[in-house]
Amino acid sequence: MAGALGLENYVGGRWSRPDSVGELDVPDPSTGRVLARVPRSSAAEVDRAVAAAVAAFPAWRETPVAERARRVLEFRNLLEEHADELIRSVVRENGKTTEEARGSVRRGIEATEFAASAPTTMQGAFLSDVAPGIDTTLLRQPVGVVVGITPFNFPVMIPLWMAPLALVCGNTFLLKPSERVPMSAAILARLIQEAEFPAGTFNLVHGDAGTVDALLQHPRVDAVSFVGSAPTARHVYTTATAAGKRVQALAGAKNFLVVMPDADLDRSVPAILSSAYGQSGERCLAGSVVVAVEPGADRLVAALAERVRSLSVGAADGAGTFVGPVIRPDHRDRILRWIQEGEAAGAVVAARGTLPAAADGYYVAPVLFDRVRPEMSIAQEEIFGPVLSVIRAADLEEALAIANRSRFGNAAAIFTRDGGAARTFAHRIEAGMVGVNVGVPAPAAYFPFAGWKGSFYGDLHATGRDGVDFYTRKKVVTSRWF
Ligand code: NAD
């Protein structure tokens with residue numbers, strides 16, 4: 001699959017070193033050691049891969065959906081069989097702890113299981129006698145060549161939101177994984193090959209922004225599923241829709257956790273810590289701002305601060321690690337600049353964790369800010385690191401106003417024992433995914449996954465029935481028999 005450290009593309013059922021405009025190092029974030037080199041596939045290589053997907057489409061779309069679902073089930077079984085290998089790969093190249101990596105791989109398997117229900121979910125509709133002797137049939141048909149462009153933070157799960165569902169709906173698929181975590185995607189491609197998907201139905205093309213741009217402008221690409229940061233999502237959405245493609249682009253986040261004075265702190269504090277500092281804060285569902293409703297903020301900040309000081313920061317595979325490394329040194333430096341900016345703006349550092357001794361990896365000591373004001377940039381911008389800001393609010397009304405002024409709207413949560421407060425929050429918060437006493441409200445794969453406002457560009461969310469709608473086109477047949 002790869003010579004020395006160089007990774008290969010999987011195109012038209014074959015592995016090969018691509019035509020590329022250079023390579024990038026893939027370091028292990030826990031140690032800085034180079035694990036692989038990823039090619040930046042050229043426009044000519046993109047053209048070759050799209051041609052393979054175009055060539056495979058006619059036969060694949062004619063393959064009965066039950067047979068396509070059987071391939072997906074075979075793939076699902078291989079994912080299960082190779083789960084440990086996938087988990088190790090996510091730990092190594094992304095820096096998640098083993099537990100976090102296991103959870104993300106399980107979520108990916110769940111999405112694959114949902115895809116296998118396509119013989120039911122792809123069903124259309126029929127109505128007889130819409131006029132005398134005239135019947136109407138609604139069919140769902142595949143869209144064509146679908147491209148998936150994925151971020152670094154879930155190397156297995158997010159490609160699995162896309163590829164199995166797009167394929168089972170009869171599309172052919174091309175994955176452009178994050179150049180920062182390309183190795184897990186290579187394992188997925190190998191398992192797709194083992195599951196005997198026909199050549200060209202699934203293609204893996206490594207690369208970075210240049211490769212993405214060649215895909216977005218390629219005339220034979222029909223649809224694009226994107227997950228990543230807000231500026232890239234906007235670029236992908238505007239470029240690909242202007243080129244006439246169907247696009248869903250899941251973007252960045254700034255998630256607010258509202259804590260009411262009646263919250264059960266013994267259970268809420270661990271959930272908040274896990275949301276904010278788990279996966280080093282590199283989660284699109286990470287809680288980034290706690291809105292502490294008075295009276296109760298002092299008690300909450302004291303409880304959080306005590307725990308933050310003792311969070312264990314270290315190598316992803318280290319025993320007891322809670323906060324692993326962040327993905328790259330430049331990302332670490334950006335997080336450190338946000339922390340400085342918060343201090344300069346007058347936020348109070350209520351607690352700071354400690355860095356591991358003599359580590360070569362990319363670590364950030366977790367920070368808890370108190371007395372943050374809503375207009376501060378640390379309360380508005382996505383930091384994507386182990387930093388949590390506390391804003392104090394007088395009541396639920398003010399807390400909702402603070403959260404709803406965010407330009408993002410991916411996820412939000414409330415911690416309370418009051419059903420009325422929870423209902424009001426769920427009803428009025430402007431976010432696509434909402435938790436009630438749940439810090440990471442990730443919908444299961446049979447529900448749609450995406451945010452609102454600046455966290456999402458498009459109409460149909462990822463996964464669930466929205467996913468089936470995105471990967472199919474509706475056709476309505478009106479018939480009369482003489
Ligand atoms: P990113 O935008 O840097 O990269 C995502 C993908 O886009 C990669 O495959 C990359 O190669 C490509 N890309 C990067 N810059 C590009 C450019 N200028 N032109 C074209 N393509 C480009 O995102 P990331 O840092 O890998 O991922 C983290 C971000 O993703 C965070 O903002 C996080 O909130 C977001 N995210 C959102 C969700 C969600 O469901 N909304 C889920 C996971 C991650």
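Visitor: How are H3 and H7 oriented to each other, parallel or antiparallel?

Guide: H3 and H7 run roughly antiparallel to each other. Keep in mind that this is a predicted model.

Visitor: What's the crossing angle there, and within what distance do the axes come?

Guide: The axes of H3 (residues 83-94) and H7 (residues 182-194) cross at roughly 160 degrees and come within 8 Å.

Visitor: OK, another pair. How do H2 and H4 cross, left-handed or right-handed?

Guide: H2 passes H4 in a left-handed crossing. Their axes, for residues 65-81 in H2 and 98-115 in H4, come within 9 Å at roughly 165 degrees, and the two helices are therefore roughly antiparallel.

Visitor: How about H14 and H15, roughly parallel or antiparallel?

Guide: The axes of H14 (residues 396-404) and H15 (residues 419-428) cross at roughly 25 degrees and come within 11 Å. That makes H14 roughly parallel to H15. The crossing of H14 and H15 is right-handed. Leu 396, Glu 397, Leu 400 and Asn 404 of H14 make the contact with Ala 421, Thr 424, Phe 425 and Arg 428 of H15. Those residues divide into 4 nonpolar, 2 polar and 2 charged.

Visitor: Which H14 residues are buried?

Guide: Leu 396, Ala 399, Leu 400, Ile 402, Ala 403 and Asn 404. The cover over the buried residues of H14 includes H15 and strands S12, S13, S16, S18 and S20.

Visitor: Switching to H9: how far does that helix reach, end to end?

Guide: H9 covers residues 230-242, which is 13 residues, and spans 18 Å from its first C-alpha to its last, close to the 18 Å expected. Ala 230, Ala 233, Val 236, Thr 239 and Ala 240 are buried in H9. The buried residues of H9 pack against helix H8 and strands S10, S11, S17 and S21. Just after H9, Gly 244 takes a positive phi of about 85 degrees.

Visitor: Which residues other than glycine have a positive phi?

Guide: Gln 279 is one of them, with phi near 50 degrees, and Lys 453 also has phi near 50 degrees. For background, most residues other than glycine have a negative phi.

Visitor: Are those two buried or exposed?

Guide: Gln 279 is buried, with a relative accessible area of 7%, and lies in the loop between H10 and S13. Lys 453 sits in strand S20 and counts as partly exposed, at 32% relative accessibility.

Visitor: Where's the cis peptide bond with Pro 295?

Guide: The cis bond joins Glu 294 and Pro 295, with omega about -5 degrees. Pro 295 is in the loop between S13 and H11.

Visitor: Back to loops. What does Thr 201 touch?

Guide: Leaving aside neighbours within four places in sequence, Thr 201 is in contact with Ala 56, Trp 60, Leu 167, Thr 172 and Phe 173. Thr 201 is in the loop between H7 and S9 and counts as buried, at 1% relative accessibility.

Visitor: And Ala 365, buried or exposed?

Guide: Buried: Ala 365 has a relative accessible area of 13%, which is under the 20% cut-off. Ala 365 sits in the loop between S14 and S15. Not counting residues up to four places away in sequence, Ala 365 touches Arg 352, Gly 353, Thr 354 and Leu 355. The C-alpha atoms of Ala 365 and Thr 354 are 5.3 Å apart, with the two residues 11 apart along the chain.

Terms used. Residues are numbered from 1 along each chain as its sequence is written. This is a predicted model: local features need pLDDT of at least 70, side-chain atom pairs count only at pLDDT 80 or more; totals for chains, interfaces and linings use all residues. Side-chain values use heavy atoms; hydrogens and water are left out. Helices (H or I, at least four residues) and strands (E, at least two) are DSSP runs, numbered from the N terminus. The expected span of a helix is 1.5 Å times one less than its number of residues. Buried means under 20% relative accessible area, exposed over 50%, partly exposed in between (1.4 Å probe, protein chains only). Contact means heavy atoms within 4.5 Å. Axes are lines fitted to C-alpha atoms, for helices over the stretch in contact, and angles run from 0 to 180 degrees between N-to-C directions. Angles under 35 degrees count as roughly parallel, over 145 as roughly antiparallel, 65 to 115 as roughly perpendicular and the rest as oblique. A crossing is left-handed if the near helix is turned anticlockwise from the far one by less than a right angle, and right-handed if clockwise. Ala, Val, Leu, Ile, Met, Phe, Trp, Tyr, Cys and Pro count as nonpolar, Asp, Glu, Lys and Arg as charged, and the others, Gly among them, as polar.
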